[in-house]
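Subject: Handover of a structure and notes on what was found

Dear colleague,

I am passing on the structure below, together with an account of what turned up in it. Please read the notes with the structure open beside them.

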Amino acid sequence: MVRMKTKAATRKMIRCYFCGHELEVSVKTMSTTCPGCNKAIKVEDVVVKTYLPVNDLQTCGKIKITKRGRVAARLLQCGEGIECEGSVEGEIETDGHVKLGPKASWKGKTLRCGSIDIAVGAQIIGEMKIPWKRPKTKKKSK
Amino acid sequence: MATNSQDFNTIIGPDASFKGDLKFESSAQVLGKIEGTITAKGRLEVSGGSECKATVLAKEVIVEGHIQGNVEAGDLVELKPKGMITGDIVAARMSMAEGAAIDGHCRIGVSNNAGGSAKSSTEVKPAAIRAPKVVTT
């Protein structure tokens, strides 16, 4: 019997959260520079386990907020969605899927995402725009 | 779950259009077009292809069509794959299928206000009656 070796994907496509430029990176990439806007972008997943007060929480990966995690931010931007079991305060923008657990809560101005999964018991206060996809900003001509 | 048309006491057919206030004592299914206000004490289903430019107050609201207006549910708002709500939503819980769309302010699972006016039409909790305290001197 011939055993087939399954090759794990080594590259992935991401979109810059500043300009919407698409680029291919290695799955192990933690951060890179966007060739579209020349800004540093975070690629790795972010896990929040405690209280995190920040201005902007941005990543091209996923944001995961655990049961005891609490995010107080102006803006949360991510490429691969949010998984929340704790509480989030702030505007959310993601092309991906948002999953709110049974004890999750979100309060903010706007929640823009591709799709959402709300468990029974989750609390939501704010405006929602679903489905939503990040518009690609045009390059500035020099 | 009421999925058959037989499960609903009232059905508004696909060729019907209505302007004004509609009140249902129990469950109802809307297949046509409605403009105004819809109040139901039970489940209200807005089926695929139907368009409601209305304020909806019900215990459970199931959306497969398009609602343009505010939705208040005492219990549940369920959006099916092609369901769309353009307006504010107040409910105790909400489920949303892939492909459904929302554009509006949401207040879900917040006990003090969820389905406030919808509940008042269906059942009033004793706590709500006790709310205003009278202080005697």
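Two strands are said to pair if DSSP finds at least two bridges between them, and strands themselves are DSSP runs of at least two residues, numbered from the N terminus. With that in mind, in this predicted model the residue A:Val46 has as its bridge partner A:Ile63, which belongs to strand 8 of chain A. Strand 5 of chain A and strand 8, which covers residues 63–65 of chain A, pair in the parallel sense over 3 bridges.

The largest cavity contains about 40 Å³ of space, and its lining is made up of A:Arg15, A:Cys16, A:Tyr17, A:Thr59, A:Cys60, A:Cys78, A:Gly79, A:Asp95 and A:Arg134. Sorted by class, the lining of the largest cavity comprises 4 nonpolar, 2 polar and 3 charged residues.

As for the aromatic rings, the search over all chains of the whole structure finds 1 aromatic pair. Separately, A:Lys39 lies over the face of A:Phe18, at 4.7 Å from the ring centre.

A:Asn38, which is found in the loop between strand 3 (31–33) and strand 4 (40–42) of chain A, has a phi near 60°, a positive value in a residue other than glycine. The other point concerns the peptide bond from A:Ile130 to A:Pro131, which is cis, with omega near -5°; A:Pro131 itself has its place in the segment after strand 15 (123–130) of chain A.

With kind regards

Note on methods
Residues are numbered from 1 along each chain as its sequence is written. Chains are lettered from A and ligands numbered from 1 in the order in which they are written. This is a predicted model: local features need pLDDT of at least 70, side-chain atom pairs count only at pLDDT 80 or more; totals for chains, interfaces and linings use all residues. Side-chain values use heavy atoms; hydrogens and water are left out. Rings of Phe, Tyr and Trp (its six-membered ring) pair if their centres lie within 6.5 Å; planes under 30 degrees apart count as stacked, over 60 as edge-to-face and the rest as tilted. A charge sits over a ring if NZ of Lys or CZ of Arg is within 6 Å of the ring centre and within 35 degrees of the ring normal. Helices (H or I, at least four residues) and strands (E, at least two) are DSSP runs, numbered from the N terminus. On a 1 Å grid over the protein atoms alone, a cavity is a set of points where a 1.4 Å probe fits but cannot get out, and a pocket is an open set with protein on both sides within 12 Å along at least five of seven lines; lining residues have an atom within 4 Å of a point. Grid points are joined across faces, edges and corners, and a volume is the space filled by probe spheres set on the points. Ala, Val, Leu, Ile, Met, Phe, Trp, Tyr, Cys and Pro count as nonpolar, Asp, Glu, Lys and Arg as charged, and the others, Gly among them, as polar.
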